[in-house]
Amino acid sequence: MAVQADIIEALRRFAEDAAGEAVKTGQLGQDGGIAMQPVTGYGDFTSLNRLNHRRILTVSFLAKSKDQMHAYSVLCDIGNALQTTTSFAVGNILSADIRSDSALVGKDGDFWIYSMTAAVRIII
């Protein structure tokens, strides 16, 4: 099931505000930065009359930096903001939970790479 582009863009902007720096959708750049990608989705709830649906969208966040603490903490900042917000810019985003805290993926030359996974509950 396709997820609307406005949901992805709203999550990207939300992450950018939380991180205080640019977040792009897609792959990490060669020179570092923060990237997010919708990975998968699955059904969470369907009403008996089949008119109301909730889905969980799994979103992967990656940070790449020469400063290990920055790569780790910027994802923590995004995760904390997602977990604690009570309102999203797009009305069909209900809530978000962190499924995998900021964790080391590895190194790419001088760069540290960290990842975090969020489960975003949406109404469709």
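Mentor: A salt bridge is a side-chain nitrogen of Lys or Arg within 4 Å of a carboxyl oxygen of Asp or Glu. The model is predicted, with local features requiring pLDDT of at least 70 and side-chain atom pairs pLDDT 80 or more, while totals for chains, interfaces and linings use all residues. Residues are numbered from 1 along each chain as its sequence is written, and side-chain values use heavy atoms, without hydrogens and water.

Trainee: What makes the pair Arg-12 and Glu-9 a salt bridge?

Mentor: The N to O distance between their side chains is 2.7 Å, and the limit is 4 Å, so the pair qualifies. Both residues lie in helix α1 (residues 5-19), 3 residues apart, about one turn of the helix. Helices are DSSP runs of H or I with at least four residues, and strands are runs of E with at least two, numbered from the N terminus.

Trainee: Why is Arg-12 called buried?

Mentor: Buried means under 20% relative accessible area, exposed over 50%, and partly exposed in between (1.4 Å probe, protein chains only). Arg-12 has 15% relative accessibility, and therefore counts as buried. Glu-9, at 30%, is partly exposed, and Glu-16, at 24%, is likewise partly exposed.

Trainee: What does the salt bridge between Lys-64 and Asp-108 tie together?

Mentor: These side chains meet at 2.9 Å, N to O. Lys-64 lies in strand β3 and Asp-108 in strand β4 (residues 93-108), so the pair ties together parts that are 44 residues apart in sequence. Lys-64 is buried at 7%, whereas Asp-108 is partly exposed at 37%.

Trainee: How do you know that the buried residues of α2 are on the same side?

Mentor: The buried residues of α2 are Ala-71, Val-74, Leu-75, Ile-78, Gly-79, Ala-81 and Leu-82. They cover an arc of only 165° around the axis, which puts them on the same side of α2; the arc is that of the directions from the helix axis to the C-beta atoms. On the other side, Met-69 and Thr-84 are exposed.

Trainee: Why does Ser-65 count as buried?

Mentor: Its relative accessibility is 13%, and the cut-off is under 20%, so Ser-65 counts as buried. Ser-65 is found in strand β3 (residues 53-65).
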